[in-house]
Amino acid sequence: MPGLFNFLSERGMSMKKLVLFAMPLAVFAVFFTVVPPSSASVISAACLELPAGKDEANNYNASIAASYINETVVQPGEEFSFNDVVGPRTEERGFIVGHNSAGMPDLGGGICRTSTVLYQAALKAGLAVTERYTHTPPVDYVPEGMDAAVQWGMYDFRFINTAGTPLEISTAMETVGSSYVLWAVFRSIEPVEQPVSVSVAGSVYHGVIINGRTYLPVNTLSALCKTSYSVNKVNGLYSVNIGQFVLDESNGGIVASNRTGILVQLRKLAEARGALLKWVPPGTVTWHD
């Protein structure tokens, strides 16, 4: 992200603040050590594409707000407050002077981009939004009326987790070509019901049952499918490519995650490969090519 780093350097930003901005961009590199507990399945996602070279200070502040929110867990019935999680917009907390929707200088200006992408993800998840304001004048990065304005001590963005399970919020800003993408992903955290063994031609692989579905760690796929695989991430969502097949995290829990990394739903994998599965009580599944 050379444009934004040059912008910050020219204004005397410290290395500490530059590193703070870079942290959200390294989510994929550290994914296997910071995955949520139990398992996590996507229930909604939203993103904003923001052009580079414009409103760089605002984009920077949006990324700082995202870093404070990333990995927040909201329990069932609990109310999420943007202001409570992000906290005061001060230089000590990493924020710089941007501008508000009226074009006036504003310390922390731009964080409404983060509250806006959270609002859109909350709407898609069907959560109960309890406090939300629009900008006056309107902002130009979403259609009018689809934003969520926040201001410390005055305006907040709040919602209640009505999903029935704990929700983990993932947020970050990344560089995609000549643009930045600010994204938010809501994942439902499900408890592991029991371990399970998957028997394939005399070899045994260890997985888990989550919400009635059997999952295997992604690192078993090469041996199981006799082909290579890759894990990709776009706008905070993961997909697994196995030969010519693509299993997408946003598609009905086909891909999930737990403390050890990425998990793939066994039945969907078998359907993609044309294999047959047989349940052998109490905790074994046999795979037949």
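**Figure 1. Arg-187 counts as buried, at 4% relative accessibility.** Here, buried means under 20% relative accessible area, exposed means over 50%, and partly exposed covers what is in between (1.4 Å probe, protein chains only). Glu-249 is buried too, with a relative accessible area of 2%. Arg-187 and Glu-249 form a salt bridge whose closest N and O atoms are 2.7 Å apart; the term stands for a side-chain nitrogen of Lys or Arg within 4 Å of a carboxyl oxygen of Asp or Glu. This pair links distant parts of the chain, 62 residues apart: Arg-187 belongs to strand S9 (residues 179-190), while Glu-249 sits in the loop between strand S15 (245-248) and strand S16 (255-258). Helices (H or I, at least four residues) and strands (E, at least two) are DSSP runs, numbered from the N terminus. Please keep in mind that this is a predicted model: local features need pLDDT of at least 70, side-chain atom pairs count only at pLDDT 80 or more, and totals for chains, interfaces and linings use all residues. Residues are numbered from 1 along each chain as its sequence is written, and side-chain values use heavy atoms, with hydrogens and water left out.

**Figure 2. Asp-156 and Arg-158 join side chains in a salt bridge (3.2 Å, N to O).** Asp-156 is buried, at a relative accessible area of 5%, whereas Arg-158 is partly exposed, at 23%. A search of the whole structure finds eight salt bridges. One more to look for is Lys-54 with Asp-140, whose side chains meet at 3.1 Å, N to O. That pair links distant parts of the chain, 86 residues apart, with Lys-54 in the loop between S1 and H4 and Asp-140 in the loop between S6 and S7. Lys-54 is partly exposed, with a relative accessible area of 40%, and Asp-140 is exposed, with 59%.

**Figure 3. Phe-80 and Phe-159 form a stacked pair of rings, with centres 5.0 Å apart and planes at 20°.** Rings of Phe, Tyr and Trp (its six-membered ring) pair if their centres lie within 6.5 Å; planes under 30 degrees apart count as stacked, over 60 as edge-to-face and the rest as tilted. By this rule there are six aromatic pairs. Phe-80 lies in strand S3 (residues 79-81) and Phe-159 in strand S7 (residues 158-160), so the pair ties together parts that are 79 residues apart in sequence. Phe-80 and Phe-159 are both buried.

Figure 4. Because Tyr-119 lies in helix H6 (residues 112-125) and Phe-157 in the loop between strand S6 (128-131) and S7, the pair ties together parts that are 38 residues apart in sequence. Both Tyr-119 and Phe-157 are buried. Widen the view and ring pairs link Phe-80, Tyr-119, Phe-157, Phe-159 and Phe-186 into a cluster.

**Figure 5. The charged end of Arg-93 sits over the ring of Tyr-68, 4.2 Å from the ring centre.** For this label, NZ of Lys or CZ of Arg must be within 6 Å of the ring centre and within 35 degrees of the ring normal.

Figure 6. Pro-137 is found in the loop between S6 and S7. Pro-282 lies in the loop between strand S18 (276-280) and strand S19 (284-288).

**Figure 7. Asp-55 has a positive phi of about 55° although it is not a glycine.** Asp-55 is found in the loop between strand S1 (39-51) and helix H4 (56-69) and is partly exposed, with a relative accessible area of 22%. Asn-211, likewise a residue other than glycine, has a positive phi near 55°. Asn-211 sits in the loop between strand S11 (203-210) and strand S12 (213-217), and counts as partly exposed at 48% relative accessibility.
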